[in-house]
Each structure stands twice: as structure tokens, then as C-alpha cells.
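Open the model in your viewer and keep the selection tool at hand. We will go stop by stop.

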Amino acid sequence: MSFRIRSKDLAARTGTLETKSGVFQTPHMFPVIDPNRPQSTRALLKGTDSEAIMTNAYLLRRGQTRPLKLELHKYLGFKRPIATDSGAYQILEFGEVAVSPKEIVQYQEEINSDIAVILDVPTGFRTSLQRAKWTVDETIRRADEALESISRKDILWVGPVQGGVHLLEVERSAREMGKRDFAIYALGSPTELMETQHFDILVDMIVAAKKALPISKPLHLFGAGHPATFPFLVALGCDLFDSAAYALYAKQGKYFTPEGTLKMDEMEELPCNCPTCRGNTANSIRDLSLEEKEMLLSRHNLYVCISELRKIREMIRTGRLWEMLEMRSHAHPAFKRCFERLAFHTEFLERYNPAVKLHGIFYYGRSTDPRPEIQRYSTKLQMAVEPSAKWLVLLPSGWRRPFHQDPGLDPVVRELREMEGVSIVFYSLAYGPVPLELDEAYPIPHTDIYDPGSSDDYVRSGIKVAEYVKKTDPKQILLVQGTGPLGKHIETKLRENELSGKLKIGTLREAVGLIATGTLVTI
Ligand SMILES: [Zn+2]
């Protein structure tokens, strides 16, 4: 196996990909290098710690004035893994390329690529369903043809998935390619969607592909190269990217940050400490020649991509990727849309999300609700509904975790748990009802809850509690009101659910009284 998964979070994973020229960490972005300017590669990569790069085999072949034996690593002056693209993107740009699928497979073998792509037919963005179907069929046909002509098994071959915005076609393409033995699968046609900020559609495309592909293989997303998009794309299960955006943006004087793009012309200070930015100011870079400026900016942009992926990998390892998404969703309205669409696919994310993580979770209200841990808890709760108790005692949750260890509640809980026919359930803003039995289950005691004080959040929690109570069908309900407003909202929801007849409201002191007089057990 060339791909080893080390840790997971949401549908993301960290891992390593082994090639014949070395191993590198994933998620990874291959900086795309111009094959016809090999002399600039070393200068460009200086100090960026690029572990693996990509270049275009088609353009390289076309740029060669006379056919000569060329070894890619020597040619580019880069000893580590080099991936090559096949010219499919040029099909999208120019309609056709002057090379056959078989020729480009042979050429990539000749130049000693480490990771190579077969010549597929990209679907593109504004494509009819009929055309999309044809690109999928033709890509599959070419995949079969390519697989037959491949002679080097030490190269990791990439099987492209097409279909564009036609999700059923993406799924069909992924299912068909998944049956064929490629080391890596790649999803095509995202560039235009990203340029036009249609991230929500891109999210659906990735989910459609991911669902139908073998999960043990890496997924490459062609042409994704803005660091601000990485956390979202990685969370959906993309392991690899390739892009020349770092250089194309630099050409336009654009400066990457993890949250978005700044314009060099408007800047004074450089909010980055990379080897390029250190010791420079926006002015000192502006004064340079066009070529030098472009080189410095490219290097900075690349550095931001690489350090951002480093951060993402760390977030995956500690199980905190969702928190990163919540933060980054505020960087731009398009990211907010992207995040909301991703949250819509919570069931998909939940399937891959580990059951227990190194780190607890932060609850920020509505935006955290779709988080797989919270969703998983709801499902677990629905399945764990106890048969009807005589008394169901609803206790407020405090800051102390687990809830039953709250110094104020502890003596009452001790008494209650000795009684027969009494169910103890805490109510919390993030989880709604938390039966005593689940009070210590991950991630409940490991959740930091922010109470936004909005009635909207209380109402949603109240609904969860009322639904649970209705399902457990107790003979009597004792609702102990806490100091906050949540208890009141729960009362309202219980009454709306026609549970008033069974309901008794009290303070903690009154609950103690009910216990002392034995009222709680005699109905
Ligand atoms: Zn920098």
C-alpha cells in the first residue's frame, strides 16, 4: 500500500503517500511548476519545504523542440516526488490536444514521473447533461485503454472522475473508476466553480464522488490552490491538490493569507513571518523589478499554502477540524455558504468521524449543531430511550463536568439514584437531554458550551428535551428550574406537548423536599 492513513477527523485524514522518489505527508498540495521554465523551479521552492511538486507532461512534451530522453527530476532539479498531469486541462481550454491517451501514458513513463494522470476528458462547468455523460463514458473508455498500455507499475496512476455539476454523473463516474485499480482517484472540473465562488456545488460534487470511491485510496482535487479553501475541502475527504494559483495570483500582485487574499498595492505591513516576508515590507517588495516581485510573492503564497496544510493536519490529529471550519466560515460569505453546505452533509461526515477524539468540542450554538458528535449523540439518545419510569427528574446542567458532579446537584443525585423508578436527566444547551447514564460519555463532559443567550437556542434545546420526555413516557415529571432561562423554555415545550398533567415544577430545594417526604416515589 502506498497510502497510509494516520488519523481522521470528519471525512478528513492525515497520512503519508509513498512514491518511488520518497514519501510525503497528506493532505498535500502539489505546487504546479511551469515545465518550460525549469531553471526557476529551485528559486521558487527555496525555503518553502515543498515535499512533492507537479508539472504538466503534455506541455513539456509539446515544448520540446526535438525529442530527447529527459528525466524529470534531473530536468527540474528536484529529487523528491514529482507528479505529472496529462494535458486534460488543455482539452478543457482548447477543445483537443495533439496527443493520444496511449502516447501520454508512455511519455509519462519515459520521463520517470512518480504520480501520473491518464488523459481524461474534463466535463467543465457549464456543460449539458448529455455532454457530461459523454465525458464520463469517454474518460472510462480511455481509462481502460490506458490501463492496458501501462507498463510501469512503480508509478502511482491517477484515475480521474468527471461529471461536472451533474451529481449523478459524478457518482456514476466515481463508481466506475473505483472498480478500476488506480492508486489515486481525482475529481475534475472544480476550478471554475471556485473562481465563481460556487463552493456549495463543489461540496456536493466532492460528497458524490467520495461516497462512490474506495475510501482506502487518496482523493485528489484538480486545480484547488487557495489556502482559505483547504480546510473545507480537506474536511470533505480531499487528500491532494495541485495548483498554480500561488504563481498566478502573484502575477496580479495578490498576497495569500489563510483567510483570503490581500492586494500588495494596498498593503503596508506583511502579516507573515515566512522567509520571504521576514525582513521585507510591502514597500520594499513593491520597489523590486516585476520579475523579482513575482518570485517573492509566489514564494510567500506557496509558503502560506504549505503552512496552512500543516495546520490543518494538526487540527485533524487533535480532532479540531470542525472548529477551524467554524472560524474560517466567517472569513467570507462564500465560505459561510460552503460551511453550511458541508454541514448539510453531516450524515456523510458522521460516517467517517472517529467515535472518540483527543480533544473535547466547543459549542457555539446553531452553527455547531450539525457537528457529527452532536448528531451522533442525538441518534444514540433516540436508541437508548428507557422504558417508562415512575418519575423523570429533569435537572439543570451547570459548568461542572460531568453534570452530576456539580456540588449543588451531587447530594440530590445521590439520593435520587437510590430510588426505584426514578430516571435522572440533565438538560443542557448543546445536547438537550442528557440521561445520567450518558453523563460521562464522550464528548458530553468534554464540551465547552457558549450560551449565546438567544431564545432561538433555548427553544431548540427545549424541543429536544420535550421530544425525549414524550418518548420515555414517564408517569410524572419533575422539572427543576435552574438559574438560567433554559428551564423556562423546557417548561413551555413540555406544556406544548400536552405533558402539563404530569408536570411538576420546582426548585432544587423543593425537589429535596419531595424526596424527603417520599412524594417522589409514591404516585
Ligand atoms: Zn510570507
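Select strand 5 and strand 6 (residues 82-85): they pair in the parallel sense over four bridges. Strands here are DSSP E runs of at least two residues, helices are H or I runs of at least four, and both are numbered from the N terminus. Two strands pair if DSSP finds at least two bridges between them. Now pick Asn56: Asp85 in strand 6 stands opposite.

This is a predicted model, in which local features need pLDDT of at least 70 and side-chain atom pairs count only at pLDDT 80 or more, while totals for chains, interfaces and linings use all residues. Residues are numbered from 1 along each chain as its sequence is written.

Stay on strand 5 and go to its other neighbour. Strand 4 (residues 28-33) runs parallel to strand 5 and is joined to it by two bridges. Select Ile33; its bridge partner in strand 5 is Thr55.

Show the side chains of strand 5 (residues 53-56). Ile53 and Thr55 point one way, Met54 and Asn56 the other way. All are buried (20 or more other C-beta atoms within 10 Å of the residue's own, with C-beta atoms placed from the backbone; 12 or fewer would be exposed, in between partly exposed).

What do strands 4-5-6-7-8-9-10-11 form? They make a closed barrel of eight strands with parallel pairing. From one strand to the next, the twist averages 30°.

Next, select helix 6 (residues 129-149) and helix 7 (residues 167-179). Their axes are 10 Å apart and meet at an angle of about 10°. Axes are lines fitted to C-alpha atoms, for helices over the stretch in contact, and angles run from 0 to 180 degrees between N-to-C directions. The two helices are therefore roughly parallel (under 35 degrees; over 145 is roughly antiparallel, 65 to 115 roughly perpendicular, the rest oblique). Contact requires C-beta atoms, placed from the backbone, within 7 Å.

Helix 7 lies across both, running at about 155° to strand 8.

Last stop: colour domain 1 (3-350) and domain 2 (362-516). These bounds come from an automatic or database domain assignment. Their centres, taken over C-alpha atoms, are separated by 47 Å. Eight residues of domain 1 contact nine of domain 2. On the domain 1 side, helix 14 (321-328) and helix 16 (346-352) each supply at least two residues.

How values were computed
Two residues are in contact if their C-beta atoms, placed from the backbone, lie within 7 Å.
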